[in-house]
Each structure stands twice: as structure tokens, then as C-alpha cells.
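Open the model in your viewer and keep the selection tool at hand. This tour goes stop by stop, telling you what to select and what is there.

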Amino acid sequence: MLPIERPQKIVCVGLNYRDHAEEQGVPLPERPLLFAKWPNTLIGPGDSIVLPPISEQVDYEAELGVVIGSRVRGVSVENALEAVAGYVCVNDVSARDLQFSDKQWVRGKSLDTFCPVGPLVPAADVPDPQALRIRAILNGEVMQDSTTANMVFGVAEIVAFVSEAITLEPGDLIATGTPAGVGVFRDPPVFLQPGDEITIEIEGVGSLTNPVRG
């Protein structure tokens, strides 16, 4: 069962952690890089991430998710957090071979079960979304360990930027990017396999664990 209402939109931000850009050897973006995942990707805690037969390089991404609480369009950075209902752990599961071969990201990011989300924590319980430890743990091994202070663009900046172009509706989900340590950039690369268990932990927000099956 999903721990949040099914959103109309899932807006994602790419390359939004300084350490993630560093591990790729690429410059920081000048503005948020947006892409989308579709609602068919959504699953809840304990649900299985299903590895599709069309990909051999399925990766994990620990992300802070932002759930919108009120309709907002063209909001300022100063007022953007007023539109946030709360926060969730998100795993932006990604088929890297599809993502890179397509030269754009929607197909590789939007396969069924590719967006596990955790329970909603009210925004009032997270006084500073830019001061949270964030980790991904694969089969008991810490793969990502960073802090949301390492974001290039903070939550308020992202909400304001998205709302300049796209009206955000209550329930919409924004995934704010992932830190260093994703599987594709490890040496050797690490991709999800049947029987794996992946956990996303975010300080003050909680944890999200999902098994992996073929």
C-alpha cells in the first residue's frame, strides 16, 4: 500500500548533489535539471522492486522526496516551503543502460516499481530540510552517505523553479536528487540483483526498505 496519495506528477531533479557531480567529473548545473517519472513507478515500503527483462543495469538512488500540500504557481524562494506538506524517503530506481542509450531519462526512470516511497513526515517535523543525513544501504552495506546540505539547489529553490513553469498540485511529488555512491559509478559497478534488499535512510524522515526480485 502506498504511504502517500498517488500524485498527479513526479518531478525529479538530476545532478543536484555536489559530490554526485564530482564522482562523474562534470560541472555543477547552472539551474535545476528536471525530468519526470510516471505514477506507475510508485510502490510502498516492503513492496518489491521488479527487475525488468529489458535492463541489466538497475541502480538505486537515495533521495529526499517533497510532497506538495497546496496548489502553487510562480512561488518565490522565500515562500516556497509554505507549499510543502511533508517529506518522504524516495528511491529513484534507474535502468542505466536504457537511460544512457536513450540519451534522455524518462524510459530508464519510469519502469514499473521504480519509485519506492516511504511514509510522509509532516513538514513541521522537519525544521531544516537542508540539514539531513541521507544514506542508501544495500544488503547491509552503506553505499551512499551524505547530507542534504550538499545539494546544489535546496528544496525551496527547487519548488520555486518548478513552479515558474509547472503548476504544482496537492500531492505532487518532487524527488530532489541523489548524492555520490550510486552503483553505476562505483568501481566495479554495482547493480541491483534478485534477492537484494535496499534501504533508504534520511535523518528525521525515516527509512524505506524494499526487496528486489526478477
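Start by selecting C12. C12 is buried, with a relative accessible area of 0%. Here buried means under 20% relative accessible area, exposed means over 50%, and partly exposed is in between, with a 1.4 Å probe and protein chains only.

Before moving on, two notes on the model. It is predicted, so local features need pLDDT of at least 70 and side-chain atom pairs count only at pLDDT 80 or more, while totals for chains, interfaces and linings use all residues. Residues are numbered from 1 along each chain as its sequence is written, and side-chain values use heavy atoms, with hydrogens and water left out.

**Stop 1: the cysteines**

A disulfide here is a pair of cysteine sulfur atoms within 2.5 Å. How many disulfides does a search of the whole structure find? The search finds zero. Now select C89. C89 is in no disulfide, and its nearest cysteine sulfur, in C115, is 12 Å away. C89 is also buried, with a relative accessible area of 2%.

**Stop 2**

Select residues 84-91, which make up β7. Helices (H or I, at least four residues) and strands (E, at least two) are DSSP runs, numbered from the N terminus. Is β7 mostly covered or mostly open? It is mostly covered: seven of its eight residues are buried.

β6 and β7 pair in the antiparallel sense over seven bridges. Two strands pair if DSSP finds at least two bridges between them. Look for G65, which stands opposite V88 in β7.

**Stop 3: D92**

Move to D92, in the loop between β7 and β8 (94-95). D92 counts as buried, at 1% relative accessibility. The side chains of D92 and K109 make a polar contact of 2.9 Å. A polar contact is a pair of N or O atoms within 3.5 Å; within protein, one must be able to donate a hydrogen and the other to accept it, and residues adjacent in sequence count only if both atoms are side-chain atoms. Leaving aside neighbours within four places in sequence, D92 is in contact (heavy atoms within 4.5 Å) with residues including F35, K37, Y60 and F114.

**Stop 4: the aromatic pair**

Select F35 again, this time with W105. Rings of Phe, Tyr and Trp (its six-membered ring) pair if their centres lie within 6.5 Å; planes under 30 degrees apart count as stacked, over 60 as edge-to-face and the rest as tilted. By this rule the count comes to one aromatic pair. The ring centres of F35 and W105 are 5.0 Å apart and the planes stand at 75°, so the pair is edge-to-face. F35 lies in strand β2 (residues 33-37) and W105 in the loop between α2 (96-102) and α3 (106-109), so the pair ties together parts that are 70 residues apart in sequence. F35 counts as buried at 11% relative accessibility, whereas W105 counts as partly exposed at 31%.

**Stop 5: backbone details**

- Select L15, in the loop between β1 (10-14) and α1 (18-24). L15 is not a glycine, yet has a positive phi of about 55°.
- Select T113, in the loop between α3 and β9 (115-116). Its phi is positive too, near 75°.
- Select D187 and P188. A cis peptide bond joins them, with omega about 0°.
- Select β11 (residues 133-138) and β12 (residues 141-147), which pair in the antiparallel sense over six bridges. They form a hairpin with two residues between them, and N139 in the turn has a positive phi of about 50°.

**Stop 6: the cores**

Finish with V159, I174 and V205. These have the most contacts inside the largest nonpolar core, which has 49 residues. Such a core is a set of buried Ala, Val, Leu, Ile, Met, Phe, Trp, Tyr and Cys residues joined through side-chain atoms within 4.5 Å. Which element gives the most to this core? It is α4, with six residues. Apart from this core lies another, of 12 residues, among them I10, C12, V67 and V117.
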